[in-house]
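Student: I would like to learn how to read a structure like this one. Please show it, and then take me through it.

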Amino acid sequence: MRLPDVYCGETIRDSWWGLSGVYAIQHIETKRVYIGASECIRARLMTHFKQLRKNKSPHPKLQAAWNTLGGEAAFRWRILRIVPIPLSEKWGSVMHYDLRMHEAIFLRRHQKLAAFNTKGGCWL
């Protein structure tokens with residue numbers, strides 16, 4: 001099953017600051033993915049890639065794949081779904097319910113591809 005593309009590529013745009021939704025980091029060759037959700041996708045993707053480059057990702061399966069399957073050149077990111085959240089509801093101590101719900105839907109729908117998730121927003 002192919003993942004949908006809302007946005008896909010290599011450049012994380014400054015204009016996406018504050019864009020909330022569900023995203024994937026995908027190994028280009030195997031199509032395996034990490035699926036996550038964030039109230040600010042831009043910041044979260046930047047954090048993921050920074051941690052992966054430094055070999056400090058809290059997601060061991062994603063980090064192992066990054067280290068052995070070609071690093072940054074072998075992965076791309078995708079925004080799977082934009083989930084609008086009112087600014088007044090963002091930045092709480094717990095991720096917004098709508099984000100978690102959409103993330104869970106993508107994880108269930110694409111569980112065979114989500115080889116890097118361990119639970120929730122981590123590799124399976």
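**A hairpin and its strands**

Tutor: Strands S2 and S3 make a hairpin with 5 residues between them, and in the turn Lys31 has a positive phi of about 70°. Helices (H or I, at least four residues) and strands (E, at least two) are DSSP runs, numbered from the N terminus. This is a predicted model: local features need pLDDT of at least 70, side-chain atom pairs count only at pLDDT 80 or more, and totals for chains, interfaces and linings use all residues. Residues are numbered from 1 along each chain as its sequence is written, and side-chain values use heavy atoms, with hydrogens and water left out.

Student: In which sense do S2 and S3 pair, and over how many bridges?

Tutor: Two strands pair if DSSP finds at least two bridges between them. Here S2 (residues 21–27) and S3 are antiparallel, over 6 bridges. Ala24 stands opposite Ile35 in S3.

Student: Why is S3 largely enclosed by the rest of the structure?

Tutor: Buried means under 20% relative accessible area, exposed over 50%, partly exposed in between (1.4 Å probe, protein chains only). In S3 (residues 33–38), 6 of the 6 residues are buried, so the strand is largely enclosed. Val33, Ile35 and Ala37 point one way, Tyr34, Gly36 and Ser38 the other, and all are buried.

Student: What does the predictor's confidence look like?

Tutor: pLDDT is that confidence for each residue, from 0 to 100. The protein averages 78, and 71% of the residues score at least 70.
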